Amino acid sequence: MSAAPDTATLRAEVRDWLAHHVPRGWREAMTNTGQDAFVELQKNWFTALSAAGYATPHWPEGWPGGGRSLTEQKIIYEEVARADAPRLILYFVALYHAACTLQECGSPEQQARFLPAILDGQIWCQGFSEPNAGSDLASLRTSAKRRGDVYVINGQKTWSTMAQYADRCLLLARSDNSGVPQAGLTYLLLDMRAQGVTVRPIHQITGDDEFAEIFFDDVEVPVTDRVGEEGAGWAVAQATLASERGLTLVELCQRMRRGLPLLAAQMHASGCAHDSGLRRRLGALSAQVDAACALADRYLLKRISHTEAPGDASVVKLYYARTLREFTRLGRDVAGLGGQYHGGFMRGAPQETGNWPLDFMNSYNWSIAGGSNEIQRNILAERMLGMPREPKDWRLGGGG
Amino acid sequence: MLDLLTELEDSADQVLRGMALAPADAKLWPQACELGWLLVTAPEELGGLDLGLAGACALQLALGRYLAGASYLPALLAAEALCASTLPDRQERLARLAAGEDYITCPLVDWRPAAGHGLSGMAMAVPAADRAGQLLVVAPDLVALVPLAAAGVTVTRRATWDSTRDLFEVVLDGVDTNMCSVLARGAQAQALAQRLAVVRDFGLAADAVGGADALLAMTVDYLQTRRQFGRPLAMFQALKHRCADLKADVEAARALLLDNLQRAAAADDAATALLAKGARHLACAVYLQVAEESLQLHGGIGMTAEHPCHLFLKRAMLGEHLGTAPGACAEALAAPLLAAQG
């Protein structure tokens, strides 16, 4: 780290800015509301944060808003969480997945073209999973056939968060069927306004429709919008996933820590603040939340110092997902029968809204999406603990 | 700071690696004294290394990893108390303690006062009292060194399931405080007692993280070696996933320990006490979880006395009851959250 940042000054600056800019009553405004109101709130909030330089503290040195130390990033996240500001869910994929992928694997031309657009409010989605390619991502079948200066895309993607609003898609498609599954994948930056793209939102268990299916019917993508070489898409996709597993979690863990008072308030409201069993669960949980924060911080420091080891990101994501489940489960237990009354849902909800059944159900986002807990356990066991992979050649009734 | 700690942990690791698991005190203690491990937290002006609590925890991590006896932490607490005292000969006393000439022990749980004249009460979980000259008593309004040979002192060895630690009970029945060296009284004693509880809880957390880490590595090694159904057990996903969860838990407990130690360096007394309790609570819970699972993952061999798996389980079971008890830790951690919202 360079010279010690004047942390108190930055904190005061951010806190003061937030006091004047966080949209008042945004939680109420987002509860039981329509899509348009949600999109407008997100756009206005992004524009304000981005102009202040607080939307991209995780970006590298030399990029707009970037080059912040871990200490500075944490101050910004802590203050944003303390001010109970909305999360930039609509811009999440643009700010993390797209930006980090471009940083690691994009050409200088692509960086010059897309980074300003992202800062300008371009919305991105991720086109990885398919109906028959979830955890087994490499088996995906959406095809990218080279024809002159373009790839022609046909197929279907699913679980694509905010795809219905997106301008661009991080698309992983199959350009070759001949070798091992991973070898035939190509990574493209697809224009969601291109002809042949159809998006169908998916109605979720919470009432929201945060994610969608995307259908591609002879969609053309210029070759210049390919990231990395043809057939090198798997490696590029790992950069995207690593950003999700590691970098995003500093902010999410800080938010979870700031959410602990919500639980305490719920215990008072439910009249169980003297129940020693629940008090102890709260105390034990607070240590776990602190541990999740510490893990996320240490991971980020490793990224900054290029000392990341295989499996590190999986430890952080798995521990966060498990802790978030416990956090929301305790809220659900404390809220009791009253918590089960359906008070509606919040659009684009952060993980800790205090609507506990909603928060509990939403916690599955983190144990399923971006590589499920089970996939993280495989990665951790195989790459960090050195335990062998299961044999691949499974035959019905035959055994290994 | 982290590099220094890693170095310290590694050097302790090298000393311990040459000995069998659960090394005898007689073998380890002379080396520990020679290497200055007891002076790790003492300030330089008293001849110490001034590496702080984090330095002590780095050593305790290694001691936990090799199931070393429990003599180190009491001596460290005694050193801390001597340094905080105003005794004119504290530096000489510290030097004798550090050189292994004058061992002072201390209970690893809170002192239980009893009614009576003089100093009365009971100390449970006192390590190595058989070779100690004095007992550090940390009562709410008095911190004192009590000669174990004084009238009214009874020392009883209490065998525990955990054979890696040699524990005693010491009962004081009306011991004359004029026979003791008083280190602090009143408000100063309270502050010192709080400080000593912090050192104790952090030390126990470090011991647990070290033990959990070593045991998990041993368990994974075993699963790699043992073959059934024509393949190593380590290939079965049902077992891999359990190990992965345990690994995440161990890494979380370690991250919390290091983070809390770092935060404690800049925190006030009340916040520091909470940081120590948080680290101790998670680390001891994780150690027990790893130990319970490891016995199951070892299968039948884990039930045999010749295999070291049970040594870790017994140490983790005892560890759950040392320092601030888990219920009290959890209550203490919840209290400020609830008070702020009440």
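Modeller: A residue is termed buried if 20 or more other C-beta atoms, placed from the backbone, lie within 10 Å of its own; it is exposed if 12 or fewer do, and partly exposed in between. Of the 342 residues of chain B, 53% count as buried. This is a predicted model, in which local features need pLDDT of at least 70 and side-chain atom pairs count only at pLDDT 80 or more, while totals for chains, interfaces and linings use all residues. Residues are numbered from 1 along each chain as its sequence is written, and chains are lettered from A and ligands numbered from 1 in the order in which they are written.

Colleague: What makes chain B as compact as a globular protein of that length?

Modeller: Chain B holds 10 helices and 10 strands. Its radius of gyration is 20 Å, close to the 20 Å from the globule rule for 342 residues, so chain B is as compact as a globular protein of that length. The radius is taken over C-alpha atoms, and the rule is 2.2 Å times the number of residues to the power 0.38.

Colleague: What makes H12(A) mostly covered?

Modeller: Nine of its 12 residues are buried, including Ile379(A) and Leu380(A).

Conventions. Helices (H or I, at least four residues) and strands (E, at least two) are DSSP runs, numbered from the N terminus.
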